Amino acid sequence: MELIRILGVGLVTAVAALLLRSSKPELSFAITIAGSVIILIFALELAADTFGIFAELGERTGIDNELIKVVIKIVAIGYLVEFAAGIVEDFGSKSIADKLVFAGKVIIFSVSLPILRAMVSLIGTFLELV
């Protein structure tokens, strides 16, 4: 049912934006942004339901909850940056979209440092045992 809602909003938004693009481009832009935000809200509602699964995996495997939160942040940053870059590119600013993607990669790298730190610590522990 959720898929039908998301697809419906996407199709209505695309058709409305296309019809208004030649006569009222500013309204076409507003409709595209509004439709994109609605789709994003629907998708985030679906994603919120899956976060409990990550907590359960952390409990079963003994992985620190902070590391699981970092992984979720990395995935969220990737999706949001790709989403924003796609919108910016749709409006003819490919160079800005490329910079958004680059900035997203830098942010993902900086957010992933706790995972790298944990990996180095784990490797150090294994080397001490040998």
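**Note on the salt bridges**

1. E56 is partly exposed, with 38% relative accessibility; the term covers values between buried (under 20% relative accessible area) and exposed (over 50%), taken with a 1.4 Å probe on protein chains only. Its partner in a salt bridge is R60, with 3.0 Å between the closest N and O atoms. R60 is exposed, at a relative accessible area of 67%.

2. The model is predicted: local features need pLDDT of at least 70 and side-chain atom pairs pLDDT 80 or more, while totals for chains, interfaces and linings use all residues. Numbering runs from 1 along each chain as its sequence is written, and side-chain values use heavy atoms, without hydrogens and water.

3. There are five salt bridges in the structure. The term means a side-chain nitrogen of Lys or Arg within 4 Å of a carboxyl oxygen of Asp or Glu. Helices are DSSP runs of H or I, at least four residues long, numbered from the N terminus.

4. One of the salt bridges joins R5 and E45, whose closest N and O atoms are 3.6 Å apart. This pair connects distant parts of the chain, 40 residues apart: R5 is in helix α1 (residues 2-21) and E45 in helix α2 (residues 25-61). R5 is partly exposed at 35% relative accessibility, and E45 is partly exposed with a relative accessible area of 42%.

5. D98 and K94 form a salt bridge at 3.4 Å, N to O. Both are in helix α4 (residues 94-111), four residues or about one turn apart. Elsewhere, salt bridges with shared partners join E2, R5 and E45 into one network.

Conventions: Helix = DSSP H or I, 4+ residues; strand = E, 2+ residues; numbered from the N terminus.
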